[in-house]
Amino acid sequence: MAEFLFLQNQTSAKQIDTLLDLWAASLIKHDDAPPFTGHRDLYNTINATPHGDIPWETFSMSYNGAKPLHDIPPWMDVTYDIIAQNEATHRSTFMPLIIGSYKMTVSVATGHTEYHPLYMSIGNIFNSTQCAHHNGVVLVGFLAIPKTTKEHAGSYTGLGPYIADYPGQVLLSGVCLADRRDLDGDRPCLRQCEKHRELLVEELEYGKLWEEYGIVGDVVPFMNNYPRADIHELISPDILHQIIKGTFKDHLVDWVESYLKITHGASQAAQIMDNIDNKIAAVSSFTGLRQFPEGHRFKQWTGNDSKALMKVYLPAIRGHVPDDIVCTFSAFLDFCYIVRRDTLTEDDLLQLQDALDRFHRYQEIFKTTGVTLSFSLLHQHSLNHYLLLIRQFGVPNGLCSSIMESKHIKAIKEPWRCSSWFKACGMLKGSCLSEALHKLRKHNWPGFLNVNEPEHRSIEGEVSETVDGPAVEAHVDLAATPCCKCDVHALGDKLELPNFQQLIQEFIHDQAYTADPDPPVFDPASALLFLGKVSIFNSAATSFYAPSDLSSTGGMQHEHIHTVSSWCGGAPRYDCVFVNMNTDTDIMNGLAVAQHPHIFFQCAVVQWFSHVLGAHCYSLRNTHDPDTGMYVVAPRTLEDDTPDISIIHIDYIFCTAHLIPVYGSSILPRAITSHDSYDVFHSYFVNKYADHHAFEIA
């Protein structure tokens, strides 16, 4: 009860008192009372909750790897105690502090003031706790940026490692020692250090410092006087601004449009871009996938928009641009998704370097076609440092600035919405457009312009749910109640399956001999016959381990499988799923793709898809499309050209799958929408970029 009111619903104190008073009035006739007398009683109960006790453990460790033949470093032969055998340190834990900030204008509750919100985390919590937003990051305070003259300007202090967006990184530490005019050169890249920076500031003028080294000479790094804390060694990578917003949106996506204009002229390029937008808009729905009903050419972009476009952009441009551009995007997306894994091994780092090498090799086409004269770009250059930074700080997934931005909503905006909103209208100055428009519409003040929000934007899709608790085996559960019941003959007529009765017989036969290594051959004449009624379900829920996506601390995620004739009062929706085939093949880790026409009685009627070999594939072990790196499937048919449909147990279903049509270079009619996506095309890409879990299995 306390958790629901205080944490989940975030009920105000006044509303808690009102609820408890109503509850108490309803219990008077039973001579009973609610568990709390008021909001203070509830708060005191929460504060009195005892903390758990973790038993003290200590252990030792030593290096057991390869050693050089001569001059062996002493640390390789020493045994180290984890938490020294000192009673003063017992029941203590060494916690490296992680600090982060970014410059922003905080108008909610503060007025139009520029701040560096300062956030803090600790380095010894699991990455899943960071990504699940389970209070792994806390707001320390606001570091104000006073509007003053240069002579009164100063610096602020803090701790590290440090998370900051890219402009903040440059301001805090300067760029690396590579020549900013030749960031894509072959010379090795060195990073700044405290002594080198101080020497440069002492010897060079401020203008030359900024032009040659990217150093702001009159700003002292805030760790300058901390022992063993060099800010240049403590800056962590920033996936959101360096990779997603920077390299992908600001570089690659814009370059595609520039290439089309250079190659085809402005008029024809506009037609091709319209066709690309139509293809993006025609992508089918999927859990967690934002949709672009008007395409991707709108002005007010967010980080979520860029992440969503990454998932669907590659198939849309294939056929309109050369293969090398498609391969550039494929290599870059591989780099992005490998970086975002919740854990990274040495093999993963080898894959990461391979993806980066392929990206650098294929992107040369943008230079040879005249789209850009140089790749000396700071965001792209930062990718070269990721392997070293990962080895220093761990996976970037738990150190991304998007975690701080998400915390900003929890720490500032949500508490503000629960407050009294004192002088709320006066604080609209500088606030986000959507909040300002909401206030104008609500008050309908005279003298204000009738401003409309932009129509061309992305639409947030259904969001996956997190499952609290430890990691467990993947499983599927049907909806709580069936939508209807009907007999076998009526259901067969509804599904337009004349052999539906035989499909049920075959399913019962397979279930009866599941554990038999040598089952008898199915014979319709002697197989069990079922003529009763079946319960039909329009949805099921699948739970599976997906720690790289937004999940609980145990890494579990929860998605819904929809099989409805009318989704939200509109067109039908029949989702696709991955099915575990229990085979040893390397193709999609032994998974097959199927579409759900209906679910009934712990089993599902599915239409199968078969793998399609790419044009340059020479073996069954290489069934990826050579340019996009994705599997290609097509609806499977029988010898009489009818769809291959069968009945499987729901335990064989692993999770939902997302397919994107192989559009080709032809013009897509505007009449085709996302509701038609699975019905009118001959082949489909298995979208491994739909989420990070799909990237692991497809």
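Analyst: Angles under 35 degrees count as roughly parallel, over 145 as roughly antiparallel, 65 to 115 as roughly perpendicular, and the rest as oblique. The model above is predicted: local features need a pLDDT of at least 70 and side-chain atom pairs count only at pLDDT 80 or more, whereas totals for chains, interfaces and linings use all residues. Residues are numbered from 1 along each chain as its sequence is written, and side-chain values use heavy atoms, with hydrogens and water left out.

User: Thanks! Which word describes how α8 and α9 lie to each other?

Analyst: Axes here are lines fitted to C-alpha atoms, for helices over the stretch in contact, and angles run from 0 to 180 degrees between N-to-C directions. The axes of α8 and α9 are 10 Å apart, and the helices pack at an angle of about 45 degrees. The two helices are therefore oblique.

User: Is the crossing of α8 and α9 left-handed or right-handed?

Analyst: Look at which way the near helix is turned from the far one: anticlockwise by less than a right angle is left-handed, clockwise is right-handed. For α8 and α9, the crossing is left-handed.

User: How many nonpolar residues does the contact of α8 with α9 have?

Analyst: Contact means heavy atoms within 4.5 Å, and α8 brings residues including Leu240, Phe248, Val256 and Ile280 to meet α9 residues including Ser306, Leu309, Met310 and Tyr313. Alongside two polar and four charged residues, the nonpolar count is 13. For the classes, Ala, Val, Leu, Ile, Met, Phe, Trp, Tyr, Cys and Pro are nonpolar, Asp, Glu, Lys and Arg are charged, and the others, Gly among them, are polar. The value you asked for is 13.

User: How many salt bridges does a search of the whole structure find?

Analyst: Side chains of opposite charge can pair when their charged atoms come close. Here a salt bridge needs a side-chain nitrogen of Lys or Arg within 4 Å of a carboxyl oxygen of Asp or Glu. The search of the whole structure returns 12.

User: How many residues apart in sequence are the parts that Asp305 and Arg290 tie together?

Analyst: Both ends are buried (under 20% relative accessible area, against over 50% for exposed and partly exposed in between, with a 1.4 Å probe and protein chains only): Asp305 has 3% and Arg290 has 19%. Their closest N and O atoms are 3.5 Å apart in a salt bridge. Asp305 lies in α9 (residues 303–317) and Arg290 in the loop between α8 (239–281) and α9, so the separation of the parts is 15.

User: Which residue meets Asp334 in a salt bridge at 3.3 Å?

Analyst: Asp334 is buried at 9% relative accessibility. Its contacts, leaving aside neighbours within four places in sequence, are Ala355, Arg358, Lys688, Tyr689 and Phe695. The salt bridge at 3.3 Å, N to O, joins Asp334 to Lys688. The pair links α10 (residues 323–339) to the loop between β22 (684–686) and α19 (692–697), 354 residues away, where you will find Lys688.

User: What separates Asp354 and Arg358 in helix α11?

Analyst: Asp354 is partly exposed at 40%, whereas Arg358 is buried at 19%. They form a salt bridge with the closest N and O atoms 3.1 Å apart, within a network that also links Asp334 and Lys688. Being four residues apart in α11 (residues 346–362), they are separated by about one helical turn.

User: What is the distance between the C-alpha atoms of Phe393 and Pro161?

Analyst: Phe393 sits in α14 (residues 386–393) and is partly exposed at 21%. Beyond neighbours within four places, its contacts include Pro161, Leu234 and Leu399. Although Phe393 and Pro161 are 232 residues apart along the chain, their C-alpha atoms are separated by 8.3 Å.

User: What is the phi of Glu496, which is not a glycine?

Analyst: Most residues other than glycine have a negative phi, and most peptide bonds are trans. Glu496, in the loop between α17 (488–495) and α18 (500–512), is exposed at 68%. Its phi is positive, about 60 degrees.
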